[in-house]
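Here is a short briefing on one protein chain. Look over the sequence and the structure first, then read the points below.

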Amino acid sequence: MPSSSRRLAVFALALLFSAVPRAQQAPAQEPRFRGGTNQVRLDVYATKDGVAVTDLTVADFEVLEDNAPQSVSSFEFVKARGVVPDSARVEPNTVAESRERAARPDARLFVLFLDTLHVQIEGSYHAQNPVAALLDRVVGEDDLVGVMTPEITARNIAFSPRTSSVGRMLAANWTWGERGAVNVRDPRDREIEQCYPDIGPTLGLAKPLLERRGEQRLLDSLEDLIRHLEGLREERSFVLLLSEGWLMPEPDHILGAPIKWPNGTRTVPGGPDDLGVTSDGKLTIRSEGGARGFESCERERGLLANQDFAMAFEQLMRRANRANVSFYPIDPRGLVVSDDPIGPGRPAGPVADSMRLGRRQANLRQLAEETDGAVVLNTNLEKALPRLLNDVGSYYLLGYVSTNQKLDGRYRKLTVRVKRPGLELRARPGYLAPSAAEVTAAQTLPKTKSAPTTVGQALSRLPTGRRVAPIYVQATGGA
C-alpha cells in the first residue's frame, strides 16, 4: 500500500478509537432486520422547485407495497438540526452509543469514500479544501460522518460528529490519489506487469488487466460499505464518492484468449528474479518459481477477462437502492478534456480516449441517478453545494405494518405518493423482508450484556448469515 493511502487507512482506523474515548464493553445487540419482522419505516424527502416542503400531514401520503395499499401507523417530520462549531459537537462515549446514534432517525449518516485507485494526485490535491468546506456546511449537530477507502473494511469506519478531523486528514494526506502514478502499485499489480511486459505477444495486456483488477477492488469495497450501512440503519445514508469514474467493461474474450508465443514457446518472465535472455536475445523464464508465478497470473487473467463488470455494477446499484444508500459521485478534477493520465503507460488514441472518458462519466451519472443522488462533473465542487444541501435536508418518517405477513426474505417494492400536486418525492424503492430463519435466530439471542472477552473469543462467536455484523475493537492500557 502506498504511503499516502496507508496514512489514510491508519487515520480512518484511528478515528474509531478517538470517537469512543471511554473504553467500555458494548452490550450484545440483536440483528437489525429491515423494519423488524413486518414493520417498515421509510424516509420521504418532499421538495418543490428545489425547496423542502415542511407542512405535509399523514393524510397527504399514500404508501403501496407491491402495489398493495398500506395503512401508515406512525408519522413524524424530522427537521435536521443546523451546523454548530466543532467544539459544541458531542462525541459518543462508547461503541454502543455510536451505533445507537447512527441508527437514530433524526441523525443523518455521511460517508466520505476516497476512491484512491481511480483519482489522480492532482484531483486529490484540489479536493482537500472544497470537501472539508462541504462537510462543514452539510454535517449538522446530530449527524455523523466517517471516512473509507478501498484499503480498509467498512466495519472499521469510525463515525464522528466532528468534521475538523476529516479536514485535517485530507490536508495532511492530499497525495492519496494513485491513478496514473509510477511507484504506488501494490505488489500484485507489479507481478502482473512483470508477467505481461508491454512487448511482443503480451503487448497491451497489462493495462486492461490492471484496470479490471482495480475496478474489482472498488466494487468489492462499495458492496462491503453498502452491506454495513444497511445493517446500521433503515433511514437514508449518504455517500460522497470522490472518483474519476470507471469503465465497468463486459467480458472480453480476446483479452482472455491464449497468448500466441513465437515458435509455440513461452518467453515471458514470471518475476524479476526469473528473467533470463536466450542466446538470440529473447526474454525467457529460467526457474520453476517463475513458471508458477506466471501460472498464477494466467489464472487471474482468465478470471478478470471473463468477469462481467457491467452486470456487477448493475447489481451493486440495486443493492444500494434496497439498502437506502444514496451516492453523490464527485470528479475532483473539475473540467476534464482527456481520460488517460500523462504517463507512465502508453496513452489511448484521441478517439479511444474520448470514448473512455465518456464511459467513466456515464457510469458516475448512472450511479447517482439509480441511487437518487447527484453527480458533480466538469465543474468545481462549490457549485454542487446547493443541490446537496437540499438533498440532505429535513424529511418525513413514515411507518406501517405490512399487509404481507410472509417471512419469505424476498424483495418488496415500495411506492410513495402525495396528494398535493407539483411536489417531487424521493423515497427508497423497496426493502428485503426477513426470512423465518432470521426471525427465529433473533428471538433466541440472549439479551443480557456480554461479559468481557478476548478478541479471539469474540470473533469465534460470530454467526454466519447474509447480514454481516460490524465489528468494533476497543483497546485499553494494561496487560
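Start with helix H9, residues 350-370: its 21 residues reach 30 Å from the first C-alpha to the last, close to the 30 Å expected at 1.5 Å a residue. The expected span is 1.5 Å times one less than the number of residues. This is a predicted model, in which local features need pLDDT of at least 70 and side-chain atom pairs count only at pLDDT 80 or more, while totals for chains, interfaces and linings use all residues. Residues are numbered from 1 along each chain as its sequence is written, and side-chain values use heavy atoms, with hydrogens and water left out.

**The chain overall**

- The protein chain has 12 helices and 15 strands. Helices (H or I, at least four residues) and strands (E, at least two) are DSSP runs, numbered from the N terminus.
- Of its 479 residues, 48% count as buried. Buried means under 20% relative accessible area, exposed means over 50%, and partly exposed lies in between (1.4 Å probe, protein chains only).
- Take the contacts in the protein chain with a separation of 6 or more: residues 24 or more positions apart account for 82% of them. Contact means heavy atoms within 4.5 Å.

**Helix H9 and its surroundings**

- The buried residues of H9 are Asp353, Arg356, Leu357, Arg360, Gln361, Asn363, Leu364, Leu367 and Ala368.
- Seen down the axis of H9, these buried residues fall within an arc of 145°, so they line one face of the helix. The arc is that of the directions from the helix axis to the C-beta atoms.
- Val351, Met355 and Glu369 are exposed on the other side of H9.

**The parallel sheet**

- Strands E7-E6-E8-E11, in that order, form an open sheet of 4 strands with parallel pairing. Two strands pair if DSSP finds at least two bridges between them.
- E7 (144-148) and E11 are the edge strands, and each pairs on one side only.
- Neighbouring strands of this sheet are turned by 20° against each other on average, direction ignored.
- E6 (residues 109-114) and E8 pair in the parallel sense over 6 bridges. The bridge partner of Leu114 is Leu242 in E8.

- Ser243 lies in the loop between E8 and strand E9 (275-277).
- Ser243 is buried, with a relative accessible area of 0%.
- Which residues does Ser243 contact, leaving aside its neighbours within four places in sequence? They are Asp115, His118, Val119, Ile330, Asp331, Pro332 and Leu364.
- Leu364 is also one of the buried residues of H9.
- Ser243 and Arg333 are 90 residues apart along the chain, and their C-alpha atoms are separated by 9.1 Å.

**The antiparallel sheet**

- A further open sheet has 4 strands in the order E4-E3-E13-E15, with antiparallel pairing.
- E4 (68-70) and E15 (430-432) stand at the edges, each with a single partner strand, so one side of each is left without a neighbour in the sheet.
- The twist averages 30° from one strand to the next. Axes are lines fitted to C-alpha atoms, for helices over the stretch in contact, and angles run from 0 to 180 degrees between N-to-C directions.
- In strand E3 (residues 61-65), 4 of the 5 residues are buried, so E3 is largely enclosed by the rest of the structure.
- E3 and E13 run antiparallel and are joined by 5 bridges. Glu65 has Leu414 of E13 as its bridge partner.
- E3 and E4 also run antiparallel, joined by 3 bridges. Leu64 has Pro69 of E4 as its bridge partner.
- E3 and E4 form a hairpin with 2 residues between them, and Asp66 in the turn has a positive phi of about 50°.
- E13 (residues 411-418) pairs with E15 in the antiparallel sense over 3 bridges. Tyr411 has Leu432 of E15 as its bridge partner.

**Helices H3 and H4**

- H3 (residues 121-138) and H4 (residues 164-172) pack at an angle of about 175°, with their axes 9 Å apart.
- H3 and H4 are therefore roughly antiparallel to each other. Angles under 35 degrees count as roughly parallel, over 145 as roughly antiparallel, 65 to 115 as roughly perpendicular and the rest as oblique.
- Gln128, Val131, Ala132 and Leu135 of H3 make the contact with Val166, Gly167, Leu170 and Ala171 of H4.
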